[in-house]
Amino acid sequence: MAGKAYVITSGKGGVGKTTTTANLGTGLAKLGKRVVLIDADIGLRNLDVVLGLENRIVYDIVDVVEGNCRLEQALIKDKRYSSLCLLPAAQTRDKTSVNPEQMVELTDQLREEFDYIIIDCPAGIEQGFKNAIAGADEAVVVTTPEVSAVRDADRIIGMLEAEGVHDPQLIINRVRIDMINRGDMMDIEDMIEILAIKLLGIVPEDEKIVVSTNKGEPVVLLENTRSGEAFWNITRRIEGEEVPLIDLEEGLLNKIKRLVGLR
Amino acid sequence: MLDIMKGIFNNKEDVSSKDVAKERLRLVLVHDRIGVSPEIIEEMKEEMIEVISKYLDIDNDRIDMDLERQDNSVALIANIPVRRLKKKR
Ligand SMILES: Nc1ncnc2c1ncn2[C@@H]1O[C@H](COP(=O)(O)OP(=O)(O)O)[C@@H](O)[C@H]1O
Ligand SMILES: [Mg+2]
């Protein structure tokens with residue numbers, strides 16, 4: 001069966017696309033899936049660092065589309081899971097080095113070998129975004145609970161729809177329960193209602209993410225971390241499992257239960 | 001005077017910042033989604049009122065006209081109290 005391509009996107013930068021890509025990819029590999037991650041952020045390569053693979057890069061995505069190497073030569077095997085690969089971005093080129101048709105071709109080729117293709121989208125709505133979504137079947141939109149990030153998420157949802165990528169799912173990242181309880185962070189249910197989108201998961205603000213990024217080890221592999229648990233749940237939901245929302249806190253959980261298909 | 005002003009400001013702070021955020025978000029999205037700025041809407045409102053006033057005697061102070069989100073679409077909702085029909089000129 002041909003693999004499925006997901007694009008991880010957001011509009012606003014710095015909300016957690018790369019973190020999500022690394023964790024979802026690693027999580028799926030842990031489940032035994034064959035996964036390839038594409039860093040589509042050409043010129044600002046960083047998925048390699050988050051995965052701890054920065055020292056292994058020889059070729060990159062631009063080398064592949066320009067024919068300097070074969071696709072298999074550019075794929076870097078993960079340290080932990082042999083079924084996980086990374087196709088790195090080029091660091092010294094710009095976004096126009098790849099076009100949407102080439103991305104479609106590339107993802108179609110990868111579909112043959114992998115169960116999941118996960119594309120880490122650059123910030124913005126320009127060429128890099130168009131490239132990243134070109135080959136995608138499904139989209140995940142990442143936001144933080146801030147007006148500016150949710151606004152950009154709304155714009156992205158509209159653009160995805162216009163480009164024929166329907167029914168994206170939402171991840172709300174960097175959620176702080178203490179602030180929600182104080183009334184200083186937007187409620188999860190309000191954001192979902194305003195964006196009219198399906199919730200895929202909620203990831204708490206967690207300094208373990210910074211520590212794990214420092215080490216190049218995705219947090220999804222760490223036991224007993226709230227953010228790791230959140231990404232693990234997201235992974236299983238992508239695999240079609242019905243996983244209850246992370247037990248961030250009783251009150252919040254009860255409020256959002258109704259909203260996320262825990263019927 | 002200073003106390004009164006303090007009172008006003010304190011009252012404002014009672015509204016939690018999440019509600020402020022939610023309202024600002026709603027408003028900005030309404031305009032984003034149809035790609036029209038608040039100024040243009042304001043201009044349009046004034047022109048519409050002008051046109052309607054040619055035919056109807058309306059209560060300018062109680063006009064309520066705004067863009068509203070309805071699920072995934074945006075509607076222009078207007079409530080324009082009419083006093084009486086204007087005499088045909
Ligand atoms: N849930 C979280 N808690 C704490 N830090 C986070 C969280 N998610 C992301 N970060 C940090 O935020 C920064 C931006 O994340 P990143 O995934 O690179 O965003 P993007 O790819 O959208 O630009 C990184 O330094 C990352 O470690
Ligand atoms: Mg990134």
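User: What share of the contacts in chain A with a separation of 6 or more comes from residues 24 or more positions apart?
Analyst: Those residues account for 73% of such contacts. Contact means heavy atoms within 4.5 Å. A caution: this is a predicted model, where local features need pLDDT of at least 70, side-chain atom pairs count only at pLDDT 80 or more, and totals for chains, interfaces and linings use all residues. Residues are numbered from 1 along each chain as its sequence is written, chains are lettered from A and ligands numbered from 1 in the order in which they are written, and side-chain values use heavy atoms, with hydrogens and water left out.

User: How many helices and strands does chain A have?
Analyst: Chain A has 12 helices and 8 strands. These are DSSP runs, numbered from the N terminus: helices are H or I with at least four residues, strands are E with at least two.

User: And how much of chain A is buried?
Analyst: Of its 263 residues, 57% count as buried. Buried means under 20% relative accessible area, exposed over 50%, partly exposed in between, with a 1.4 Å probe and protein chains only.

User: New topic. How many residues does each chain bring to the contact between B and A?
Analyst: Chain B gives 13 residues and chain A gives 14.

User: How much area do they bury?
Analyst: About 1300 Å² between them, with 56% of it on carbon and sulfur atoms. Buried area is the accessible area (1.4 Å probe) that two parts lose on being put together, summed over both.

User: Which residues of chain B lose the most to chain A?
Analyst: K18(B), K22(B) and L25(B). Together they make up 38% of what that side buries.

User: Where is K22(B) found?
Analyst: K22(B) sits in helix α2 of chain B, residues 17–34.

User: Is K22(B) buried or exposed, and why?
Analyst: K22(B) is buried, because its relative accessible area is 18%.

User: What does K22(B) touch?
Analyst: Leaving out residues up to four places away in sequence, K22(B) touches M186(A), D190(A) and I194(A). D190(A) and I194(A) are among the buried residues of α9(A).

User: How many residues of helix α9 in chain A are buried?
Analyst: 7 of its 8 residues, so to speak of α9(A), residues 188–195, is to speak of a mostly covered helix. The buried set also includes I188(A), E189(A) and M191(A).

User: What comes just after α9(A)?
Analyst: A196(A), which takes a positive phi of about 50°.
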